[in-house]
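Good morning, and thank you for joining this meeting. I would ask you to look at the structure on the screen while I describe how its parts are arranged.

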Amino acid sequence: MLDPAIIESLHIPFPPERPALVEEQVLRRAAAEQALRIGRRLADGFDAAANSWIATMERARRSVEGATIESRSAEDLRLLSATIDDFETVAEMRAKQGARLQKRIAREVKTAFRTDPSLAAAHRAFGGRIVATEKRIVDALLDYALFLRAVRADIDPAARGGRTFETTDDLAGYLAGLGAA
């Protein structure tokens, strides 16, 4: 019989997963190598610009989170609502464009595989990075729109989307009334 401590010492983690290799790149041609370099440079630039924009948005969010907002004019609320609508509209447009881009890239990769698999692999790598960055941008747009909705709800209780209650007893009474109906 083996000592339980010895049995426990035999439990080691599994080996790390092998990185995903694109087998088509093993025999890469010069054109594919150049396309890969250009794609990396473009994707790196897009990713850096997206990171900078997201960081700017986060700084703006942090500056507003700690501040007390007292302005409650109808014009201010209208402008805030328009800003929320703008962010949501841009997010929706970019999400649709991203979905179309993803489909286009898949078609182009499929076509390129017929002539040069290594070039297709480079194109797939570039497209995957661009689509992933675009998804991060859409998520950031929607997060910021939700943040602005919360700010609007703090400023204007009517913007909360439903009836508001001053105390929990008022809420409990309202909910009890709904259950009785």
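**Helix packing and an aromatic cluster**

Helix 3 and helix 4 pack with their axes 9 Å apart and at an angle of about 165 degrees. Axes here are lines fitted to C-alpha atoms, for helices over the stretch in contact, and angles run from 0 to 180 degrees between N-to-C directions. Before I continue, please note that this is a predicted model, in which local features need pLDDT of at least 70 and side-chain atom pairs count only at pLDDT 80 or more, while totals for chains, interfaces and linings use all residues. Residues are numbered from 1 along each chain as its sequence is written, and side-chain values use heavy atoms, with hydrogens and water left out.

To return to the pair, helix 3 and helix 4 are therefore roughly antiparallel to each other. On this scale, angles under 35 degrees count as roughly parallel, over 145 as roughly antiparallel, 65 to 115 as roughly perpendicular and the rest as oblique. The crossing of helix 3 and helix 4 is left-handed, a term used if the near helix is turned anticlockwise from the far one by less than a right angle, with right-handed used if clockwise. The residues in the contact of helix 3 with helix 4 comprise 26 nonpolar, seven polar and eight charged. In this classification Ala, Val, Leu, Ile, Met, Phe, Trp, Tyr, Cys and Pro count as nonpolar, Asp, Glu, Lys and Arg as charged, and the others, Gly among them, as polar.

The chain has five helices and zero strands, where helices (H or I, at least four residues) and strands (E, at least two) are DSSP runs, numbered from the N terminus. Of the 181 residues in the chain, 22% are buried; buried means under 20% relative accessible area, exposed over 50%, and partly exposed in between, with a 1.4 Å probe and protein chains only.

Which residues form one aromatic cluster? They are Phe87, Tyr144 and Phe147. The structure holds two aromatic pairs. In the pair of Phe87 and Tyr144, the ring centres are 5.0 Å apart and the planes are at 55 degrees, so this pair is tilted. For reference, rings of Phe, Tyr and Trp (its six-membered ring) pair if their centres lie within 6.5 Å; planes under 30 degrees apart count as stacked, over 60 as edge-to-face and the rest as tilted. This pair links distant parts of the chain, with Phe87 in helix 3 (residues 74–115) and Tyr144 in helix 4 (residues 117–155), 57 residues apart.

Tyr144 counts as buried, at 12% relative accessibility. Tyr144 also forms a tilted aromatic pair with Phe147, at 5.8 Å centre to centre and 35 degrees between the planes. Because Tyr144 and Phe147 are three residues apart in helix 4, about one helical turn separates them. Phe147, like Tyr144, is buried.

I turn next to helix 2 and helix 4, whose axes are 9 Å apart and which pack at an angle of about 10 degrees. Helix 2 and helix 4 are therefore roughly parallel to each other. Their contact has 24 nonpolar, four polar and nine charged residues.

Two residues illustrate this side of the structure. Ala43 lies in helix 2 (residues 30–65) and is buried, with a relative accessible area of 2%. Leaving out residues up to four places away in sequence, Ala43 touches Phe126, Arg129 and Ile130, where contact means heavy atoms within 4.5 Å. Thr133, in helix 4, is buried as well, with a relative accessible area of 5%. What does Thr133 touch, not counting residues up to four places away in sequence? Thr133 touches Phe46, Asp47 and Ala50.

Finally, Ala95 is found in helix 3. Is Ala95 buried or partly exposed? With a relative accessible area of 37%, Ala95 is partly exposed. Ala95 and Lys135 are 40 residues apart along the chain, and 7.2 Å separates their C-alpha atoms.
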